[in-house]
Amino acid sequence: MRFNTKLLYGNFEPDEKTGATLTPIYQTTSFQHKTAEELEGIFRGNMPGYIYTRINNPTIDSFERRIAHIEDGVGALACASGMAAVSLAVMNILRSGDEIVSGRGIFGGTFSLFKSLEEFGVLTKYASDNQIESFERCINDKTRLIFIETLGNPKLDVPDIQELSILAHKHCIPLIVDNTVTTPYLVRPIEFGADIVVHSTSKYINGSGSSIGGIIVDSGKFKWGFDKYPGLKEFKKFGIFSYLAKLRKGLFKDFGACISPFNVYLNSIGLETLGLRMDRLCTNADRLAHSLAANSKVKTVNYPGLKDNPYHELAKRQFNNKYGAILTIRVGSKENAFRVINSLTYAANLANIGDVRTLVIHPASTIYATNTIEEKERMGAYEDLIRISVGLEDIEDLLADFDLALEQI
Ligand SMILES: *Cc1c(COP(=O)(O)O)cnc(C)c1O
């Protein structure tokens, strides 16, 4: 089954009872069972069945099965948000005293999470760049995972997933990959050796900016050593499902970060058109990037689709000739950046990516406002930088809109 067909049919069948073509919204807190024996069986995990929506729910289950199939995982666990997914994916295998090794260009929210985890005795070391040696230099006997994003935001840097998975496995630790920005349409990290994939489904998977959500997918392939991961020992009997079993029976249930059936329903609708949208979004982004690169008002354009971009070759190979739908431009000063943003007709000025419409933001004064200058520079949030998440508009309208706005500086 190819990608777009998988989005519609992969691990998915019409509702058994009614034939409804979409899994209905089971907007209920709990699920009634005929006998005390039956409920006992479900609680003990000896019988299939639903208990309570904080733990499982048919609408959520359907979405999890579809995403697991698309990402080539053995299973998935949907969460209230992308941040809930990132938090739970790492905390499921961490203890006080452990360390994370992370890529540099990660999402601000994840950077903030890793900082918060210091209060629980978990330290994060950041590789100085995307060279494998820079990651390896940060690894020691306390390291429990490598965390990267497929395409950094707003830095738009591209780590080599395959090389990093080899490095992680050499040190008997898993590689966790945030695939939000590229989506499974551009890359399925498990194919390149990643062990766990996380998403904010609020972005491209939902597609219309209509609900927050996140998901964790496990490849089921990582061999957990119980010296390093003693918490997983108890779940050994679940075999390839041990990571997900520990999570669902443990922190996921305890944190209460479940997604609502309604939100997961909206994300399921979005998922079905992911391929169609990504194709158009990437084409639009490529056209806009080339047009902006030729505009003398723009100092630099950062987009991996441009031939002179340092990540062009890797992105081409890893993302199957696509380069995503986010680009950034630098326009010389914060004032210029503000003037351009204020002059645009179509692009919405807001803190999100992956919508159907074009979105712009000045990251340095918003998402990164509370970071130090050094942190901002390190994460690529320069004072004169505008981030553009390209939408589905007719490209001629977008090109004209940006040309006109840039004439104002
Ligand atoms: C938005 C985003 C998140 C967080 O997702 P939310 O759904 O907003 O909680 C995590 N990682 C990346 C790469 C993101 O873009």
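I started with Phe111: buried or exposed? Phe111 comes out at a relative accessible area of 7%, and the cut-off for buried is under 20%, so I put Phe111 down as buried. This is a predicted model, and I read everything below with that in mind.

Next I looked at Tyr126, and Tyr126 is buried too, with a relative accessible area of 16%.

I then ran the aromatic pairs over the whole structure and got ten of them.

Another pair I checked was Phe222 with Trp224. What is the geometry of the rings of Phe222 and Trp224? The centres lie 4.6 Å apart with the planes at 70 degrees, so this one is edge-to-face. Phe222 counts as buried at 11% relative accessibility, and Trp224 is buried at 12%. I also noted that Phe222 and Trp224 belong to one aromatic cluster with Tyr229 and Tyr243.

In what order do the seven strands of the open sheet run? I read the order as 1-7-6-5-4-2-3, with mixed pairing. Strand 1 (75-79) and strand 3 (123-126) are at the edges with a single partner strand each, so one side of each has no neighbour in the sheet. Neighbouring strands are turned by 20 degrees against each other on average, ignoring direction.

Inside the sheet I picked out strand 4 (residues 143-149) and strand 5 (residues 175-178), which pair in the parallel sense over four bridges. Phe147 has Ile176 in strand 5 as its bridge partner.

Phe147 turned up again when I went through the largest nonpolar core. That core has 114 residues, and the members touching the most others are Ile146, Phe147, Ile216, Leu292, Leu327 and Ile388. Helix 12 (residues 274-293) gives the largest share, eight residues. Domain 1 (3-270) and domain 2 (275-406) each put in at least three residues.

Last entry: which residues does Leu292 contact, leaving aside neighbours within four places in sequence? I listed Val298, Val301, Leu327, Ile329, Ile388, Phe402 and Leu406. Leu327 and Ile388 are also among the core members that touch the most others.

Definitions and conventions
Residues are numbered from 1 along each chain as its sequence is written. This is a predicted model: local features need pLDDT of at least 70, side-chain atom pairs count only at pLDDT 80 or more; totals for chains, interfaces and linings use all residues. Side-chain values use heavy atoms; hydrogens and water are left out. A nonpolar core is a set of buried Ala, Val, Leu, Ile, Met, Phe, Trp, Tyr and Cys residues joined through side-chain atoms within 4.5 Å. Buried means under 20% relative accessible area, exposed over 50%, partly exposed in between (1.4 Å probe, protein chains only). Helices (H or I, at least four residues) and strands (E, at least two) are DSSP runs, numbered from the N terminus. Domain bounds come from an automatic or database domain assignment. Contact means heavy atoms within 4.5 Å. Two strands pair if DSSP finds at least two bridges between them. Axes are lines fitted to C-alpha atoms, for helices over the stretch in contact, and angles run from 0 to 180 degrees between N-to-C directions. Rings of Phe, Tyr and Trp (its six-membered ring) pair if their centres lie within 6.5 Å; planes under 30 degrees apart count as stacked, over 60 as edge-to-face and the rest as tilted.
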